[in-house]
Amino acid sequence: MIDPKVMQTVAEALNVQDSGLAVFDAEDRLVFCNEAHGDLFPLMAPLMMPGTTFDDILRGAVAVGQFDLDKHDRDPGYGSGWIGGIADKPIDLKTDTGRWLRGQEKRLPEGGWLIAWSDITQQKRRESALAKLLAGDPERNDFFAVAAEALASGLGCRWGGVTRYDERKETASVVAFFDSGKPQANFTYNLAGTPCQDVFENNGYCYVPRDVASHYPEDEILAEIEAETYYGSLVSAGDGEPLGNVMAMHDGPDPADGGGEEFVRMIARWVGIEFDRQKAREELEHRTSLFMDFAEASSDWLWETDADLRFTRFTSAPGFVEDRNLKVRIGRTPFEDFAPFGDQEGWQQVQADMEKRVPLRGFIFPIVDSRGRQFVYSVSGKPLYDAAGGFTGYRGTAFDITERWKAEDELARQSSAMEGVFENMDEGVSLFGSDLKMRAWNTRYHELLDFPAEMCFRGATFESFIRYNAERGEYGAGDVDELVAERVELARKFVAHRFERVREDGKVIEVRGTPIPGGGFVSIYADVTERYNAERSLRESEERYALAVAGAQDGLWDWSPKSDTGYISPRVAEFMGFGPDDPQPTLADWRASMVEEDVPAYRSALTAHLKGETSNYEVEYRIRNRKGEHVWILARGIGLRDEAGQVYRMSGSLTDITERKRTDELALAARKQAEAASRTKSEFLANISHELRTPLNAVIGFSEIMTGQMFGPLGHPSYMEYARDIYESGSHLLEVINDILDVAKAEAGKFELDVEEVSLEKIATAAIRLIAPRAGTAKVEVSLEAAEELPELLIDQRRMKQVFINLLSNAVKFTPEGGSVAVKLRLAGDGAPEIVIADSGIGMAPGDIETALQPFSQLDSRLSRRFEGTGLGLPLARTLIEVHGGTLLIESSPGSGTTVTVRLPASTIVAEDKTAGEDGPLRRVNAAE
């Protein structure tokens, strides 16, 4: 069972956590859940009562619709095993509000367990958005539309868009725009006066969490759509040129709460890559068109066939063709003329393609002429059709690529060998030319440095890699442009360098740069994390040991069990009372100084560790120093074992804990004395209150009979006045005694609540009705204001009425004639019921508030004080609120009145689907619970 005091300390610590936490004992019964848990599972809050089993909570949660277990492959009834079976694999749940929560179980040493829930809605939202973006087809024109929609949905915003700047960077064309998940028509706008201009001119990023339209009054579009939140990031080409920007806007507070910068920048990088890819494709198409024009205009020789694929024309040509009579080829097919000299299978495929009217694209065939010379030709051709669409033959070109083919073959052979070495290196390698543009790299380069693979291409600028690193914080804090400029300028000097960089994930990269002839440099990157950590650990270990020996207040010892020899530090000699000039004592001297009664505990702990029964050696015992004084020692150590499991060496520390022992003894004695005094006080108050009640009841009863003249007139009028005074004084004294008894019960933990479904407004109305005569006499106005649809609460009606009466009595008592007391009943922002009682009275200093909340305390202690009372009203009211699980807060200042705010837990609100009966109290709760 968990100690209540420990649980209180743990509860206070867990209540400030962002994660929803619930602690269960070894019998699967709820011990505690923090406030964040109630925020994450509002429908479950009434179920989270201490002592409730996990099964009942889980079934209740399903019943109220908090979540559907069928969607998560879970079945209520497994107790802690519902999550315990997957301790290494968290469970994700989607709640009724649409939020995603992730739960993880942790076993506790006492046998209980803890479930931690965290909100992963943003993560799920962005995973969905990225999945949508990854599923898009980059060959289609809708890539930017998908990016705009993914950007908006990933941030939870209403609008998302992708824009592209004109050449002057004065206007921007919206190439994709989404509103609430629906595509909108594209449009163009001026950059001036818009947040997009800030994105372009400043650091490539702009974020405005609220009132964005008021920040940019010239932007008519923001005003028209009534945008509140704005995200924007620059879209750049691979060489760093600004191309446009992506943007997301919302018509309310930022759903991502400022946490979307990396996501927005990532979408911007993808859009920039797509812009580059489209530009490259357009350039490729243009170059292909040029190539085809030149190919048709110039060649080594031209050829043409008829519909039967027989040559009808040849032009003069060098090489092999020059060695033959061209006229002989007229009327023959290519397969008859060339196939016998070349690749038979290749020519068979060419024949099949030409019979199918398929264009020829660079068919390469080697042949040998009559003098044994080898030639290689590249042949291309396209089918010809007449105006009616009838096939008329082929026309094409042929190029002698013999020398190129030989050179490429040799280069390919060498490149293949070099690439095999290059790609299989453990180190990353990059080569930049004198213009600081990439010439070569291997896969290990971008893997080791975590660069996206698409960043690496021939011609990529050195600056683009430096900027990428700077933006993700690789070089620490500072202006990104300045960090980039410094490193680019250093690279232009082409100086050999070697250094180590520790990355944020702890990985250590060694960088070695070497300049190459003609300008530029080659860099080699190696992962030296293991070596770096080993060297650092060794240095730290050596420093730590040196410091421990030189400056530790603890003594150090080292012992070899086999030889029974060892070492004790000078600090140990001080414990024994030896001076600096005395001979150094031995281990035998230390053992001899042990108090005989403590030797069995020392031997037992040492034997247990030597046998392997304990992971560490630890024991407390006393020694007798040279002065004959007892010194308490805490001994700790650990043994080193050989392959057979035997301890061959032990080392550890010895700490003087004498003062701690004395302090513990004094604290224990003081605590026992305080507990005895508290019990005596509580028993006295309970006994004396009981003894006083019996005669007071008789006095009150008889005075009431006399006041009512039940047995005839009293005679003289003064007797009637005296009887009324006796009755009122006795009734007042009985109220005081009842208050004292209530305080005594609360301190003894015997306070019980009769909880039932009641209306807070009805209780307040009844209390005001009782206090009305007193308020009327004092000429103080009392008003009540209750929120609409205020729910019924599960509270003790009589005790809550007592709270109202005590607080209202105080408010009326300390409010001058003509003043007012206002009572307000409402629900706080988190749904918790609140009672506010504000008066226009004399008030009190903030430093006196805590004194007023102490039992029997009076701020005015003079015998002639103006305001009478026992000083129990406020303390008792706070006690009654706290046993309900609530809080009482007082705000006041002299001359400005006093405001008392009572806050009850949200769990007191009666759920709509009531499961208890409607007649009578639902349950009785002991205040000690």
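This is a predicted model: local features need pLDDT of at least 70, side-chain atom pairs count only at pLDDT 80 or more; totals for chains, interfaces and linings use all residues.
The chain runs to 929 residues, and buried ones make up 38% of them. On contacts, if you take those with a separation of 6 or more, 52% are between residues 24 or more positions apart.

Let me start with helix pairs. Two packed helices are described by the angle between their axes and the distance between the axes. I've got two pairs for you.

Pair one is α17, residues 462–471, with α18, residues 480–492. Their axes come within 9 Å, and the crossing is at roughly 140 degrees. So what do we call that arrangement of α17 and α18? Roughly antiparallel needs an angle over 145, and α17 and α18 are therefore oblique to each other. The handedness of this α17 and α18 crossing is right-handed.

Who's touching whom? From α17 you have Phe462, Glu463, Ile466, Arg467, Ala470 and Glu471. Across from them, α18 brings Val480, Asp481, Leu483, Val484, Arg487, Val488 and Ala491. If you sort that contact by class, you get 8 nonpolar residues, 5 charged ones and no polar ones.

Now pair two: α26, which is residues 797–813, and α28, residues 873–883. Here the axes are 9 Å apart and the packing angle is about 150 degrees. That makes α26 roughly antiparallel to α28, because the cut-off for that label is anything over 145 degrees. And the crossing of α26 and α28 is left-handed.

The α26 side of the contact is Arg799, Met800, Gln802, Val803, Asn806, Leu807 and Asn810. The α28 side is Gly873, Leu874, Leu876, Ala877, Leu880 and Ile881. By class, α26 with α28 comes out as 8 nonpolar, 4 polar and 1 charged.

Okay, on to single residues. Thr658 sits in helix α23, and that helix spans residues 658–708. Is Thr658 buried or exposed? Its relative accessible area is 9%, so Thr658 counts as buried, the cut-off for buried being under 20%. What does the side chain of Thr658 pair up with? There's a polar contact of 2.7 Å between it and the side chain of Asp656. If you leave out residues up to four places away in sequence, Thr658 touches His630, Val631 and Trp632.

Next, Val62, which you'll find in helix α3, residues 54–63. Val62 has a relative accessible area of 33%, so it goes down as partly exposed. In sequence, Val62 and Met44 are 18 residues apart, and the distance between their C-alpha atoms is 9.3 Å.

Which residues other than glycine have a positive phi? I'll show you two. Ser180 has phi near 55 degrees, and it isn't a glycine. Ser180 is in the loop between β7, residues 171–179, and β8, residues 182–183. Asp450 isn't a glycine either, and its phi is positive at about 60 degrees. Asp450 is in a loop too, running between α16, which is 443–448, and α17. With a relative accessible area of 36%, Asp450 is partly exposed. And α17 takes us back to pair one, where it crosses α18 at roughly 140 degrees.

That's my lot, thanks.

Notes:
Residues are numbered from 1 along each chain as its sequence is written. Side-chain values use heavy atoms; hydrogens and water are left out. Axes are lines fitted to C-alpha atoms, for helices over the stretch in contact, and angles run from 0 to 180 degrees between N-to-C directions. Helices (H or I, at least four residues) and strands (E, at least two) are DSSP runs, numbered from the N terminus. Angles under 35 degrees count as roughly parallel, over 145 as roughly antiparallel, 65 to 115 as roughly perpendicular and the rest as oblique. A crossing is left-handed if the near helix is turned anticlockwise from the far one by less than a right angle, and right-handed if clockwise. Contact means heavy atoms within 4.5 Å. Ala, Val, Leu, Ile, Met, Phe, Trp, Tyr, Cys and Pro count as nonpolar, Asp, Glu, Lys and Arg as charged, and the others, Gly among them, as polar. Buried means under 20% relative accessible area, exposed over 50%, partly exposed in between (1.4 Å probe, protein chains only). A polar contact is a pair of N or O atoms within 3.5 Å; within protein, one must be able to donate a hydrogen and the other to accept it, and residues adjacent in sequence count only if both atoms are side-chain atoms.
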